[in-house]
Amino acid sequence: MSKRILTDSQSQSKHGISVDVEGYLRNLDDWSEQVAEVIAESEGLQLTSEHWEIVRLLRDFYQEYKVSPAMRILVKQVKNSLGSEKGSSIYLMKLFPGSPAKLASKIAGLPKPTNCL
Amino acid sequence: MILHTVNKSPLTSSCLNNCLRAIGDNDGLLLIEDGVYGADKHQGLKLKPLPSGITVYALKADVEARGLMGRLSEDVRVIDDQEFVDLVVSHNASQSWY
Amino acid sequence: MSPTPISFSILVYGAPYSSQSVSTAYRFTKTAIEKGHRIHRVFFYGDAVQIGSRLVAVPQDEVDLQLKWQQLGEQYQLDMVICIAAALKRGIINSDEAKRFEKDASNLAEGFTLSGLGQMIDATQSSDRIVTFGY
Amino acid sequence: MTDKKQSILAVLTKPPYGGTTAKEALDAVLTAAAFEVPVSVLFMDDAVFQLLPEQKTEGIEVKCLATTLPVLPMYDVEHIYVDRKALVDRGIDAEQLILSVQPVETDTLRSLFQNHSRILSF
């Protein structure tokens, strides 16, 4: 039985960080800026200041509401705080290729989505 | 026109009260499951302050299952599952109180 | 009275064997189909997701609700969706999700699909009537 | 999903923590909003307790619903109604809630139902 309490030996441990099969943090409290860099690297990303703007915005949003924003809401939030040039799904797609809301959330140390949408 | 369904006994739940506050002039009220206890005349009918023009229905299978057939208030129309479907069709929307 | 056929989506919230919800919803769905209506989707939410566990065992003299839904679903090609978020928390899981969440088994019964709440919202937009069966 | 969107009325009647319905209702509302389906929310009965300030859920080890509810305006859910009678019956002041809501009288409450053909009941 892979209960969380026993998983350290089985988990993919990257630089001592316990992440699950999809690369999400097992314990959200483990997050730090360094951890974010490591997660990003394992996703093939080198975090620039543009990435960090989004990651911080996501963390702030989650901190305030305890919910990860849906893609549309993320775009809106980015638009409101970083301007309309950055507030577009194309811009976010360039920074976080594939599924920006998911990938950025993973790096920001937000909970793993339940495939809900 | 809304079809309201209520599935709890009015003796133990506020469902029916809420429904009666929200119900409009041409709406329908269907009692299902434990909601059919609301149609029992021996309770002094909790449905009493019923807005005029509202028809109260009770779902036959639920009434029979609970031995209420002989105890129903005369204002209540007993309907079967087919008529339940028809009622949903003939109203614009339905709201469930549970 | 034979009204023009319309489409329904059925929302079910109560756990089978804890409330009547799943069985009242079943009777309604079956009757609607028999009257010539179309069922766009049946969406199980909240504790109703338990309908999807393959591990449920029912005494022979009681009604096997899951089997009834499966038979109805197969006969009429029903889209029977179980809310994934509600299901995972309650131990209803398919093999893909079992891999994602590192579980050693899966138990989703045949005939049901795990999917998101978007399917519920789509149901409100794509069917003529929504009927909710609460617990 | 069809192009022309039907607006949804989400009717909430349950208190926040004794069951999971309040949270599941919120998830459904947020999903509708994420898909840009117009959704109005109506708090009735014990659901108005969801709006009380100072909810501290650490003791019961449940995620605090009152933390997430204020996200509704961020999701463009602008029509949030509350049954005034439900507030009055419970001695709750509409000015002190965690969310800016519009208290409605019985007549308005009734017309809300009549004006929506898509109702989600929670």
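This report describes the interface of chain B and chain C and selected features of chain D in a predicted model.

## Extent of the interface of chains B and C

On chain B, 21 residues are in contact with 21 residues of chain C. Together the two chains bury about 1800 Å², and carbon and sulfur atoms account for 56% of this area. Within chain B, the residues that lose the most area to chain C are Val85(B), Val89(B) and Tyr98(B), which together make up 31% of what that side buries.

## Polar and charged interactions

Two salt bridges are found across the interface of chain B and chain C. Asp86(B) forms a salt bridge with Lys35(C), and the closest N and O atoms of this pair are 3.1 Å apart.

## Elements and composition on the chain B side

Three elements of chain B each supply at least two residues of the side that touches chain C: helix 2 (60-65), helix 3 (81-90) and strand 5 (93-97). Helix 3 of chain B provides the largest share of this side, with seven residues. Classified by residue type, the side of chain B that touches chain C comprises eight nonpolar, six polar and seven charged residues.

Strand 3 of chain D, residues 80-83, is covered on both faces. Ile80(D) and Val82(D) are buried on one side, and Tyr81(D) and Asp83(D) are buried on the other. In a regular strand, side chains alternate between the two faces of the sheet.

Strand 3 of chain D pairs in the parallel sense with strand 2 (residues 39-43) of chain D, over three bridges. In this pairing, Tyr81(D) of strand 3 is the bridge partner of Leu42(D). Strand 3 of chain D also pairs in the parallel sense with strand 4 (residues 102-104) of chain D, again over three bridges. Here, Val104(D) of strand 4 is the bridge partner of Asp83(D).

Thr13(D) counts as buried because its relative accessibility is 10%, under the 20% cut-off.

Leaving aside residues up to four places away in sequence, Thr13(D) touches Met44(D), Asp45(D), Asp46(D), Ala47(D) and Phe122(D), together with Trp97(B) of chain B.

Definitions and conventions: Residues are numbered from 1 along each chain as its sequence is written. Chains are lettered from A and ligands numbered from 1 in the order in which they are written. This is a predicted model: local features need pLDDT of at least 70, side-chain atom pairs count only at pLDDT 80 or more; totals for chains, interfaces and linings use all residues. Side-chain values use heavy atoms; hydrogens and water are left out. Contact means heavy atoms within 4.5 Å. Buried area is the accessible area (1.4 Å probe) that two parts lose on being put together, summed over both. A salt bridge is a side-chain nitrogen of Lys or Arg within 4 Å of a carboxyl oxygen of Asp or Glu. Helices (H or I, at least four residues) and strands (E, at least two) are DSSP runs, numbered from the N terminus. Ala, Val, Leu, Ile, Met, Phe, Trp, Tyr, Cys and Pro count as nonpolar, Asp, Glu, Lys and Arg as charged, and the others, Gly among them, as polar. Buried means under 20% relative accessible area, exposed over 50%, partly exposed in between (1.4 Å probe, protein chains only). Two strands pair if DSSP finds at least two bridges between them.
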